[in-house]
Amino acid sequence: MTPQFIAEVSSNHHQDLTRCFRFIDEAAQIGCDGVKFQLFKVEELFSPEVFIAKPETAKRKQWELPVHFLPDLAARCREKGIQFSATPFYLKAVEELYPHVDFYKIASYELLWDDLLKACAQTGKPVVLSTGMADMDEINHAVAVIVSALPAADALQTTDRQHLTLLHCISGYPAPPEECNLSAIQTLREKFMPVIGDPSAGSSEIRIGWSDHSVNPGVIHRAVHRWGAEMIEFHLDLEGKGEEFNTGHCWLPEEIKKVIDTVKSGFRADGSGIKVPAPSEQPDRDWRADPVDGLRPLRAKRASLKTGDK
């Protein structure tokens, strides 16, 4: 299955709706299946102690996505034929996002927050959960919380039964390739791929993917073609002027487009598996060595050459 590519805008939007539209347009143009923003309020993101110890944290107020942008962002995504998602970082954000998002994304930093996990799951919309920094006990608990909070199968807001996606993630910014531990994708798959409940009743399957902070084409190719990642999330910036670009974990459009193109073209190369000559091979079939004398082309073709046929 060709993986979904989700572009993460994070805090690179500058609170500028036109710039947000550019992210959506660019994501669609480079072949993404969806684009994701973040909905947070700085005063509800950090405890008071943080603002005292690190007063510069308050400047992140300028990174907040205005809530009134949401309807326009969702509409732009629909216009461009891609999915719209956002990460809620406070409980009311789940409600604010509900009319607009195609799925919820829960960040690695919020994996331990049961109330947020439940709130997202209870909406019935698909949930994507990043697992950066987490151990298996913590992931087991988070999955159990989400699964227990899912509404009845007939109320799920999804048609493909793939309601929950777990993203293996290394929350290093950037993440060194030697720390990416991509084989953990298989560990998660073996643990969580069994269907939740009865598939005949429309239950959900858990997909496994990779949330990239490496900005390394080889890592993404390996995640997909060796470890079967079904979703690739990556951080996108437009031109290197986003708030998070200098941290080193954001892709530029022309860089990630090459990766998306080659990954998707690789899947188009799988074919049917039936061993027959391909259309592009047909003109050369008659130019093979003849079994009688070993000379090219076949004798029937030689005869046609004598009459002027090419």
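Predicted model: local features only at pLDDT ≥ 70, side-chain atom pairs only at ≥ 80, totals over all residues.
View 1. M133 sits in the loop between strand 5 and helix 6. Its phi is positive, at about 75 degrees, even though M133 is not a glycine.

**View 2. A134, in the loop between strand 5 and helix 6.** This loop runs between strand 5 (127–130) and helix 6 (136–149), and A134 is part of it. Is A134 buried, partly exposed or exposed? Its relative accessibility is 22%, so A134 counts as partly exposed; buried would mean under 20%. Which residues does A134 touch, once its neighbours within four places in sequence are left aside? They are L111 and I139. Along the chain, L111 and A134 are 23 residues apart, yet 7.9 Å separates their C-alpha atoms.

**View 3. Q15, another residue with a positive phi.** Look for Q15 in the loop between strand 1 (4–8) and helix 1. Q15 is not a glycine, but its phi is positive, at about 55 degrees. Its relative accessible area is 36%, so Q15 is partly exposed.

**View 4. Helix 1 beside helix 3.** Here you can see helix 1 (residues 17–29) packing against helix 3 (residues 70–80), with 10 Å between their axes and an angle of about 25 degrees. Why are the two helices called roughly parallel? The angle of about 25 degrees falls in the range under 35 degrees that counts as roughly parallel, so helix 1 and helix 3 are described that way. The crossing of helix 1 and helix 3 is right-handed. On the helix 1 side, the contact is made by L17, C20, F21, I24, D25 and A28. Helix 3 contributes D72, L73, R76, C77 and K80. Sorted by class, seven of the residues in this contact are nonpolar, four are charged and none is polar.

**View 5. The buried side of helix 7.** Which residues of helix 7 (residues 184–192) are buried? They are A184, I185, L188, R189 and F192. These residues cover an arc of only 150 degrees around the axis, and therefore lie on the same side of helix 7. The elements covering the buried residues of helix 7 include helix 6, strand 6 (164–169), strand 7 (206–212) and helix 8 (217–225).

**View 6. The buried side of helix 8.** In helix 8, the buried residues are V219, I220, A223 and V224. Their arc around the axis is only 125 degrees, so these residues are on the same side of helix 8. What covers them? The cover includes strand 1, helix 7, strand 7, strand 8 (231–236), strand 9 (250–251) and helix 9 (253–268).

**View 7. A86, a buried residue in strand 3.** Strand 3 (residues 83–88) contains A86. With a relative accessible area of 0%, A86 is buried. Leaving aside neighbours within four places in sequence, A86 has contacts with K36, F37, L97, V101, F103, Y104 and K105.

**View 8. Two cis peptide bonds.** What kind of peptide bond leads from Y173 to P174? This bond is cis, with omega near 0 degrees. P174 belongs to the loop between strand 6 and helix 7. The bond joining R296 and P297 is also cis, and its omega is about -10 degrees. You will find P297 in the loop between helix 10 (282–285) and helix 11 (299–306).

**View 9. Stepping back to the whole chain.** How many helices and strands does the protein chain have? There are 11 helices and nine strands. The C-alpha trace spans about 90 × 50 × 40 Å along its principal axes. Of the 310 residues, 47% are buried. Among contacts between residues at least 6 apart in sequence, 64% join residues at least 24 apart.

Technical notes
Residues numbered from 1 in each chain as written. Heavy atoms only, no water. Helix = DSSP H or I, 4+ residues; strand = E, 2+ residues; numbered from the N terminus. Buried < 20%, exposed > 50% of the residue type's maximum accessible area, 1.4 Å probe, protein only. Contact = heavy atoms within 4.5 Å. Axes fitted to C-alpha atoms, helices over the stretch in contact; angles between N-to-C directions. Parallel < 35°, antiparallel > 145°, perpendicular 65-115°, else oblique. Left-handed = near helix turned anticlockwise from the far one by under 90°. Nonpolar A, V, L, I, M, F, W, Y, C, P; charged D, E, K, R; others polar. Arc of directions from axis to C-beta.
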